[in-house]
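Trainee: I am new to this structure. Please show me how to read its features one at a time.

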Amino acid sequence: MTHSNGRRRVVVTGQGVVTPLGTGVEKFWSGLKSGSCGIREVQSFETDELYITIAGEVPDFDPRERELSKQLLMADKYSQYAGCAAREAVQQSGIETPISDEDAYRTACIIGSGVGGLTTLEFSYKMLFKENKRATHPLTLLKAIGSSASAHVSIEYGIKGPTFGVVSACSTATHSIGVVYQMIKSGLIDTGIAGAAEASLNWGATRAWQAMRVLSPDGLFPFSKTRNGTVLAEGSGILVLEEYEKAKARGAPILAELMGFGMTADAADMVNPSIEGASTAMKMALDEAELAPSDIDYINAHGTATAVNDVNETRAIKHVFGNAANNLSISSTKSMHGHTLGACGGIEAAASIKALEENFVPPTIGLAETDPECDLDYTPNVGKKRDINYVMSNSFAFGGLNAVLVFGPNPA
């Protein structure tokens, strides 16, 4: 089946996550539904001289217990998160691995990261500059580079088609998914693994973020009158995308259709977002999906809990949706899993697909009193049942880099 315009359709046949709410989609989704919070006092590094002492750390991740491959056991944690999430997604999809013959060249692996192996670099610099070691670990470079996760996952499954990492700060995973979507739609490939991973929680990174004055010492409370910044987190979100006819022919589990993708750049400011850039990306995604604004039932908002972003996103939604904005259910699941930076678009895509599958809107927790300038339905504190046919997932990054996905039901 193709669209009325003759284009190939793209479906999601697998998804996997590693998050501060737990590893695995079902554990993650259960946490979202119950309004659990994965933001806690930092455990993995000393917080001396830091006034930010909370983060969204992955709580249950031992790479040996996860039985990762020997190569992934030697990798940076961000690649390990990607490998674990990809394994869950691939297993759910039922794709036969290792992928072989012509299929190997018609499969892509696009897994990005906002900063790659930053903790590996911090450790290496500490050894050089503080411990006066004469050399770094010989795998330092391979562990740190931003394409390591995509390379590792391609090796795990024998993928020989387009394989690289996308970098666009907090829109990284959404751009990665969108790029694979476009590759399949155009006929370049038939299958792709897409998303991102982030594991940059350490003393130096927290000190750098502190300097920007965008972190909260208290928690992540999107759209709240009392919000005072975002909270750093780590994790990974990976989707398996396939051309619809091929997925149907092999009897794959079809979780959703990826119907639209929009991407823009503000071309204006590194920190202050524009309404035009965000709203144009949303409109592009709707147009490609051939949907009207009133068709969308739920938006998984970028919702970082920074003062400027939440107001700008609200205004952009109202600009695109008009009166239909008042009928939307919106939430920021970052309130529960924290801001996983480059990985957030993949994790939130998984949340959006589960919302579609179960007709359930996850909440925005910590929302006692809404900012008067954020005057839409953000599903405060408690999730709710609702008929959901189409969902939108927003990612709006530093630098004015905007990416939006629209998902719908199985086209069968």
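Mentor: This is a predicted model. Start with the largest pocket and ask which helices line it. Three helices, α3 (77-93), α5 (118-129) and α9 (203-212), each give at least two residues to its lining.

Trainee: Which helix supplies the largest share of that lining?

Mentor: That is α5, with 5 residues. The lining of the largest pocket has 20 residues, and those closest to the centre are Thr119, Thr120, Glu122, Phe123 and Asn202. The volume of this pocket is about 580 Å³.

Trainee: How many residues does the largest nonpolar core have?

Mentor: The count is 42, and Ile177, Leu239, Leu241 and Phe407 have the most contacts inside this core. Helix α14 (residues 344-358) provides the largest share of the core, 7 residues. Another core lies apart from it, with 29 residues, including Phe223, Ile296, Ile299 and Cys374.

Trainee: What does Leu239 touch, not counting residues up to four places away in sequence?

Mentor: A contact list shows which parts of the chain meet at one residue. For Leu239 the list holds Val12, Gly14, Gln15, Ile177, Gly192, Ile193, Ala194, Ala349, Ile353 and Phe407.

Trainee: Now the cysteines. How many disulfides does the structure hold?

Mentor: The number is 0. To judge a pair, check the distance between the sulfur atoms against the cut-off, which is 2.5 Å. For Cys37, the nearest cysteine sulfur belongs to Cys344 and is 16 Å away. For Cys170, the nearest is also that of Cys344, at 5.6 Å.

Trainee: Is Cys37 buried, exposed or partly exposed, and which of these is Cys170?

Mentor: Read the relative accessible area; under 20% counts as buried and over 50% as exposed. Cys37 has 38%, so this residue is partly exposed. Cys170 has 7% and is therefore buried.

Trainee: Where is Lys334 placed, and is Lys334 buried or exposed?

Mentor: Lys334 lies in helix α13 (residues 334-337). Its relative accessibility is 0%, so Lys334 counts as buried.

Trainee: What does the side chain of Lys334 reach?

Mentor: The Lys334 side chain reaches the backbone oxygen of His302, at 2.6 Å. Beyond neighbours within four places in sequence, Lys334 is in contact with Ile39, Leu220, Ala301, His302, Gly303, Thr304, His339, Cys344 and Glu348. Cys344 in that list is the residue whose sulfur is the nearest cysteine sulfur to Cys170.

Notes
Residues numbered from 1 in each chain as written. Predicted model: local features only at pLDDT ≥ 70, side-chain atom pairs only at ≥ 80, totals over all residues. Heavy atoms only, no water. Core = buried A, V, L, I, M, F, W, Y, C linked by side-chain atoms within 4.5 Å. Buried < 20%, exposed > 50% of the residue type's maximum accessible area, 1.4 Å probe, protein only. Helix = DSSP H or I, 4+ residues; strand = E, 2+ residues; numbered from the N terminus. Contact = heavy atoms within 4.5 Å. Polar contact = N/O pair within 3.5 Å; in protein donor to acceptor, adjacent residues only side chain to side chain. 1 Å grid on protein atoms, 1.4 Å probe; cavity = no way out; pocket = protein on both sides within 12 Å on 5 of 7 lines; lining within 4 Å. Points joined across faces, edges and corners; volume = space filled by probe spheres on them.
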